[in-house]
Amino acid sequence: MEDSFIESGVNDWQQCMGPREDPLGGPGSFNAVTVPVLVIPNRIQCKSPSEIYMLLKNSVSLGENPEIEFLSRTEKVKVRPTIWNSQTLCVRALDLPAGPVTMSLYCGGVRIAQAEVLYYTPMEEIERLLIRTADPIEFICQAFQINSKDQLDQLLTQSLRNSLPPSGLGVFQTLGPNERTEHSGQPVNLL
């Protein structure tokens, strides 16, 4: 059977089938007992610490020292969660880089549950929202409380001009007095 991670939030509860070997060879490599788990939230903004709740579908004896391991592409960190009851644990989100992060619950060195969460940057969230909209330009107008696409264009043009070096770029430089055209006074249309 192919080994796969539980993706929390995609399907409310997903169950791993029987004992499996940990593909990373970590603690609990053999005879890991996994139970269905839901992690809320399953998307965490980078550099924005928040609480993460791990909800176990079935009541489990957590013992004295349960640990939650966060495993990203670059880091592996174990922390002690706050136990609310035999099915609910709470832990502070770590400051990890953007990307998928596997959270594993260990009790007595044995993996009890495993779920995947996604760390994202604010720009990735904006991109996700824009992809889901039918008209991204209209969405941006609503977000900035702008009434027309022309006003949005002016805002974007001004923002670009403000971030350019003093020498500017060729597109925004004015022509010499002998080379002026009737269009030289009009702003460049970014949309």
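Of the 191 residues of the protein chain, 31% count as buried, where buried means under 20% relative accessible area, exposed means over 50%, and partly exposed lies in between (1.4 Å probe, protein chains only). The accessible surface of the chain comes to about 12,200 Å², and 52% of that surface belongs to carbon and sulfur atoms; these areas come from the Shrake-Rupley method with a 1.4 Å probe, and for residues only the protein chains shown count as cover. The model is a predicted one, in which local features need pLDDT of at least 70 and side-chain atom pairs count only at pLDDT 80 or more, while totals for chains, interfaces and linings use all residues. Residues are numbered from 1 along each chain as its sequence is written, and side-chain values use heavy atoms, with hydrogens and water left out.

The protein chain contains three helices and nine strands, and along the sequence they follow the pattern β-β-β-β-β-β-β-β-β-α-α-α. Helices (H or I, at least four residues) and strands (E, at least two) are DSSP runs, numbered from the N terminus. Among contacts (heavy atoms within 4.5 Å) between residues at least 6 apart in sequence, 53% join residues at least 24 apart.

Helix α3 covers residues 149–163, and at 1.5 Å a residue its 15 residues should span 21 Å; the expected span is 1.5 Å times one less than the number of residues. The end C-alpha atoms of α3 are 21 Å apart, which agrees. L152, D153 and T157 are buried in this helix. Seen down the axis of α3, the buried residues fall within an arc of 135°, so they line one face of the helix; the arc is that of the directions from the helix axis to the C-beta atoms. Q154 and N162, on the other side of α3, are exposed. The cover over the buried residues of α3 includes α2 (136–143).

The charged side chains come next. The structure holds six salt bridges, each a side-chain nitrogen of Lys or Arg within 4 Å of a carboxyl oxygen of Asp or Glu. One of them joins R92 and E51 at 3.1 Å, N to O. This pair links distant parts of the chain, with R92 in strand β7 (residues 88–92) and E51 in strand β3 (residues 51–56), 41 residues apart. R92 is partly exposed at a relative accessible area of 44%, and E51 is partly exposed at 31%. Another salt bridge brings together E67 and K78 at 3.9 Å, N to O. Here E67 belongs to strand β4 (residues 67–71) and K78 to strand β5 (residues 76–79), 11 residues apart. E67 has a relative accessible area of 24% and is partly exposed; K78, at 33%, also counts as partly exposed. E69 and K76 meet in a salt bridge of 3.8 Å, N to O, and E69 is buried, with a relative accessible area of 4%. Salt bridges that share partners join R43, E125 and R128 into one network.

The structure holds one aromatic pair, formed by Y53 and W84, which is edge-to-face at 5.3 Å centre to centre and 70° between the planes. Rings of Phe, Tyr and Trp (its six-membered ring) pair if their centres lie within 6.5 Å; planes under 30 degrees apart count as stacked, over 60 as edge-to-face and the rest as tilted. Y53 lies in strand β3 and W84 in strand β6 (residues 82–85), 31 residues apart. Y53 counts as partly exposed at 27% relative accessibility, whereas W84, at 52%, counts as exposed.
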